[in-house]
Amino acid sequence: MFPDPPPQSLLVLAGGAGSGKTTLAESLAAEHPRSALLHLDRYVHTQPERAPLTPSVLGTGEVIDFSDPRSIDWGRVHQAIAAASAEELLVVEGTFALERQIRRLARWTVYLDTPDDLRLARKTLRKINEGADPRIGLLGYLARGREGHHRHVAPMRQTAGLVLDGTLPTKHLTDQLISHVASSVKGT
């Protein structure tokens, strides 16, 4: 349960891995002078015994199943939201940002809808650019990522107040998002 009232300006941005959430959130923050970002990727359980486990795609042992929303330490997320300034636009971005425990606190709910093939290509290129072995990500996608997206993430699209086309340029998406936020603020 959320201990204190949430910030009045909480925007949550969800979408599949590789949809462009982080890029869009950073672009929005660059345009909004009083904003803060909270990346859900930084709030995964660090203790495997507290997270859902799945067999490693490499065939040795078990690893945290990052395609499951229970991999997020929601207690730490709530603490970070509670610590945010009420005067700032707080943007929470992540694959599971539209999970009920965060969505119910948000003033704006956004889903970045991007086709599977484009998301997979972006994620694979990101891993290559980071110097990581792309085979692990591809094997994970085949073993559980694709099914996890369709079970946990894609249904969140229906809960969003705004759905954006993740194939559009970031600047265009940022402008759409700013317009959406501004119009709802004027209507308040």
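Predicted model: local features only at pLDDT ≥ 70, side-chain atom pairs only at ≥ 80, totals over all residues.
1. Pro134 is partly exposed, with a relative accessible area of 23%. Pro134 belongs to helix H5. Setting aside residues up to four places away in sequence, Pro134 touches Thr124 and Ile128. Its C-alpha lies 8.8 Å from that of Lys123, at a sequence separation of 11 residues.

2. Thr124 is the partner to take next. This threonine sits in helix H4 and, with a relative accessibility of 17%, counts as buried because the cut-off for that class is under 20%. Beyond four places in sequence, Thr124 touches Pro134 and Leu138. A pair on another scale is Thr124 and Glu31, which are 93 residues apart in sequence and 28 Å apart in space, C-alpha to C-alpha.

3. What are the angle and axis distance for H4 and H5? The two pack at an angle of about 145°, and their axes are 11 Å apart. Their crossing is right-handed. On the H4 side the contact is made by Asp116, Arg119, Leu120, Thr124 and Ile128. On the H5 side, Pro134, Leu138, Tyr141, His149 and His150 take part. Sorted by class, the contact has five nonpolar, three polar and two charged residues.

4. Rolling a probe the size of a water molecule over the atoms shows where empty space is left. How many cavities of 30 Å³ or more does a search of the whole structure find? The search finds one, and about 40 Å³ of space lies in the largest cavity. Its lining consists of Leu120, Lys123, Thr124, Lys127, Pro134, Gly137 and Leu138. Helix H4 (116-129) and helix H5 (134-153) each supply at least two of the lining residues. The largest share, four residues, comes from H4. By class the lining of this cavity divides into three nonpolar, two polar and two charged residues.

5. The largest pocket holds about 1,300 Å³ of space. Of the 49 residues that line this pocket, the closest to its centre are Ala17, Thr95, Lys123, Arg126 and Lys127. Two or more lining residues come from each of helix H1 (21-31), strand E4 (62-64), H4, H5 and helix H6 (170-186). Which element gives the most to the lining of the largest pocket? H5 does, with nine residues. The lining of the pocket divides into 19 nonpolar, 18 polar and 12 charged residues.

6. Lys123 and Lys127 deserve a check by eye. Both are among the residues that line the largest cavity, and both are also among the residues closest to the centre of the largest pocket.

7. Is Val110 buried or exposed? Val110 is buried, its relative accessible area being 0%. Not counting residues up to four places away in sequence, Val110 touches Leu11, Val12, Leu13 and Ala14, as well as Leu98, Ala160, Leu162, Leu164 and Leu177. Val110 and Lys21 are 89 residues apart in sequence, with 9.9 Å between their C-alpha atoms.

8. Ser9 lies in the segment before strand E1 (10-14). At a relative accessible area of 17%, Ser9 is buried, since that class takes in values under 20%. With neighbours within four places in sequence left aside, Ser9 is in contact with Glu88, Leu89, Leu90 and Trp108.

9. Glu62 is found in strand E4, one of the elements that give two or more residues to the lining of the largest pocket. Glu62 has a relative accessible area of 55% and is therefore classed as exposed, for which the threshold is over 50%. Leaving aside neighbours within four places in sequence, Glu62 is in contact with Leu53, Thr54, Pro55 and Ser56. Glu62 and Tyr111 are 49 residues apart in sequence and 31 Å apart in space, C-alpha to C-alpha.

Conventions. Residues numbered from 1 in each chain as written. Heavy atoms only, no water. 1 Å grid on protein atoms, 1.4 Å probe; cavity = no way out; pocket = protein on both sides within 12 Å on 5 of 7 lines; lining within 4 Å. Points joined across faces, edges and corners; volume = space filled by probe spheres on them. Nonpolar A, V, L, I, M, F, W, Y, C, P; charged D, E, K, R; others polar. Buried < 20%, exposed > 50% of the residue type's maximum accessible area, 1.4 Å probe, protein only. Contact = heavy atoms within 4.5 Å. Axes fitted to C-alpha atoms, helices over the stretch in contact; angles between N-to-C directions. Left-handed = near helix turned anticlockwise from the far one by under 90°.
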